[in-house]
Amino acid sequence: MTVQTESDQDDTDPAPASRQDAPSPGKPDLEKSSGASNRLNLSVSAGVEYNDNIFATRNDEVDDILVSLKPSASYSLGDRNNRLTLSGSGELGRYLDNSSEDYNDWQVGINGRSRLSPDVTLVAGGDYRWDHENRASPEAVNGIEPTQYERAYGFAGLLVDTKPITARFVAMVNKFDFDDVNTLTGIINNDDRDRTQYEFGVRAGYALNRQSEIFVQGAYDKRNYDQTIDDFGYYRYSDGFTIAVGARHRLTNRLSGELFVGYLQQDYRDARFTDISTVDFGAVVDWVGPAGLSASFRIDRSVEETTLPGASSYMHTSGSFSLTAHPNPRTSAGLGLRGSHYDYRGVDRAESVLSANLWARYYLTRNLFVGTEYTLAERSSNAAGFDYDQNRFLFQIGAQLNPRYNDSVAPITLAARSPGGGYAALTMTHGALISGVDGPRGSGGNTADFGDTGLSFGSVLGYGVLVESLYLGIEVQGQFDGPDWLHTSSRVFSLEQEDSFGGSARIGYATKGNNLAYARAGVTSTNFRTSYVNATNSFLDNDRMVGLEFGLGMDARVGQRGFVRMEYALTSYGDIDIPTGGGDFDNFSTSRNQFLIGGGIRFGAKREQENEVAATDFSGFYIGAQFGHGSLTSENQGTRTGGIEIDIQRASQGPVVGIFAGVGTVLSGFYLGGEVEADISNINWNIEREPTGRIYSAEHEYSLGARARLGYQISDQALIYGHAGMVRTRFNIPFASNSAMVRSEDTRTGFRYGTGMEIGLGHHARLRLDYSLTDYRKYDVVVGSSSDSFSHKENLFRIGLAWKL
């Protein structure tokens, strides 16, 4: 457990950051040191960013363009034994149309270390920030301006290294001061959020050898508020502790990791609050690959403060994966994936945020660079109306005083060797079309999720080049047909995808076996057919909508020029108002997810023989972890007031994380194996009819399953497979009507089937893309004198990393 803060927020994840490798401000850098002498570094960058949902809302989205300026300066003096660094940075943001969202953020800091003896080092430092709260933060308030706050942070610690025993002692303090926020009707008082947080920690380790260390660690934290009672009458003071055991191990010269597990407790002074007593865990994996490639994986947990009435806090569990490529000193690119789960204690509220970040930078000279970045964020909540999709495109130019490289570095060379060059492919796509609908109903309103899955067929055409192992390309795509959903009750309305065309940029990594793992981002134009019929209205329209799209995929080589592609993409569209009669409108906010499988051929680019590498052995036992995204769709039938029958397709999407283990063998190129898996997720849909009416939702909580896999090794390093098996999944359906309230927690058996692809990353590691469909039998939820039936389906896409034992 680490005391974390609002100021640690980044733009891809609105939660407090929980990066175990981040030295400041959430955690001091207790290990890294530098031999630099007196050193001044100055830098500045200017950026233009398009954000399609600046307020992070599900419906009535607002887009805008942000112009930002980011200056920074640091000065270091000293040597490896004694070092002091002064730093300062800022970010000034101005929106084109929404000036109320403008901000000026600043930070000043000091960090130092001193070697007191050969075995003992003193570290200390801190910073002061003038910051603003991200609109997507789970604690953000709906003021007419973002919440401004100041944060003071300081730390001090001792590092002891007497081989084979090591120890760390550290103390940290964070103090927050939040400004009040104006609204259209008054002022939101934020004085009850002002607080001081203290943390004291210790860690002791014992080195078993040069590669392995075991350790025990513990921490105590205390959280005191300036205002004894908050605006809702709660006493939010608390203290807590955590204790854990763990191990660090260097598996190879390129791969190292750390894992710990323990116990976490947080006690609250207010007797109405729910204390926290749970398992604490964390993991760090770092990999340094060839040709400037590196990757890292993080898992962390923390207890976070909240102002939600009735909730003592929320448990924040996060996982992140980052991949960075530096093919030469001028060029760098990276991909980041992050998932966060928020479990509020004391109230029925949980949500997840999935984010993806794709970036590239090129140095025009030793001191001048240009860069571009795309960021996708998606929230899935069990509370109606709190889901959102957000896309951001950034272009920036910057300069730095310290040169990036020396004069002897040559300009980059572009090569169209395989998997570069031109290509074309035919594709089949399966996925879900999902809409959040919000509008008036009688004297109140209705917020609900709808959706269903379907197939489409299409083609792609593109061109790419290689910078060493870094792939850069452009692509156009086209699809015909697609999914649709239908709502049948006193109102009958539907949405159907008819065709879709778009273009995107691709960034990827080419393996030595000429396989390609990539990410892409672009724009899609989709034709939707919308119908809406009730007693006073009949509406039918075909309208093209522009959506922003992000995808992850792999192209696996087949022969000299052929390839097989598997990809998963998320698309979010702007919302539209649909007339419902009598001058009223329903707002439709639509998104889709789709899995693509296809085959193609490359033109001109030939496979180079010097790229021949040892064949991957897919036989034997393996274990792995996987992270992904999917949708839960449900056929909901029942009877409403007046005997009206409903037949509604409900759906939503969200992240999933899991583990797997299996065994397989390859015989004459054919693969036969078996596997067990377990996952947890926060995929849920919901409906809320106010002030009178039904409020209910459905959520996939966890699954346990087993499946058989049958595949074929299409090249020395690539395997495609199909799979089929059974799963047991826990579904949670809270259902409230005017006359009754129930909670159905039922474990259902489903038939799961699908396909996937694996490519080798070395002697032990394999990268996997896996797609599955699951069908569950219909069952009833009895509510008072009536009942609703639910027939669930799921489509799940997962990226997995398997390790051969």
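These entries cover the cavities, with two of them taken in turn.

Entry one. I am working from a predicted model. I searched the whole structure for cavities of 30 Å³ or more and found 11. Rolling a probe the size of a water molecule over the atoms is what shows where empty space is left.

Entry two. I looked up the largest cavity, which holds about 190 Å³ of space. I noted 17 residues in its lining. Those nearest the centre of this cavity are Leu337, Leu354, Phe550, Leu552 and Leu570. By class, I have 12 nonpolar, four polar and one charged residues lining the largest cavity.

I went on to the second largest cavity, with a volume of about 130 Å³. Its lining is made of 19 residues. Gln477, Gln479, Arg520, Glu549 and Gln594 lie nearest the centre of the second largest cavity. Several strands each give at least two residues to this lining, among them E21 (421-441), E22 (444-467), E25 (492-510) and E30 (584-603). E28 is also one of these strands. Which strand gives the most to the lining of the second largest cavity? I found that E23 does, with four residues.

Entry four. I sorted the lining of the second largest cavity by class and wrote down three nonpolar, 10 polar and six charged residues. For the largest cavity, my note reads 12 nonpolar, four polar and one charged.

Definitions and conventions. Residues are numbered from 1 along each chain as its sequence is written. This is a predicted model: local features need pLDDT of at least 70, side-chain atom pairs count only at pLDDT 80 or more; totals for chains, interfaces and linings use all residues. Side-chain values use heavy atoms; hydrogens and water are left out. On a 1 Å grid over the protein atoms alone, a cavity is a set of points where a 1.4 Å probe fits but cannot get out, and a pocket is an open set with protein on both sides within 12 Å along at least five of seven lines; lining residues have an atom within 4 Å of a point. Grid points are joined across faces, edges and corners, and a volume is the space filled by probe spheres set on the points. Ala, Val, Leu, Ile, Met, Phe, Trp, Tyr, Cys and Pro count as nonpolar, Asp, Glu, Lys and Arg as charged, and the others, Gly among them, as polar.
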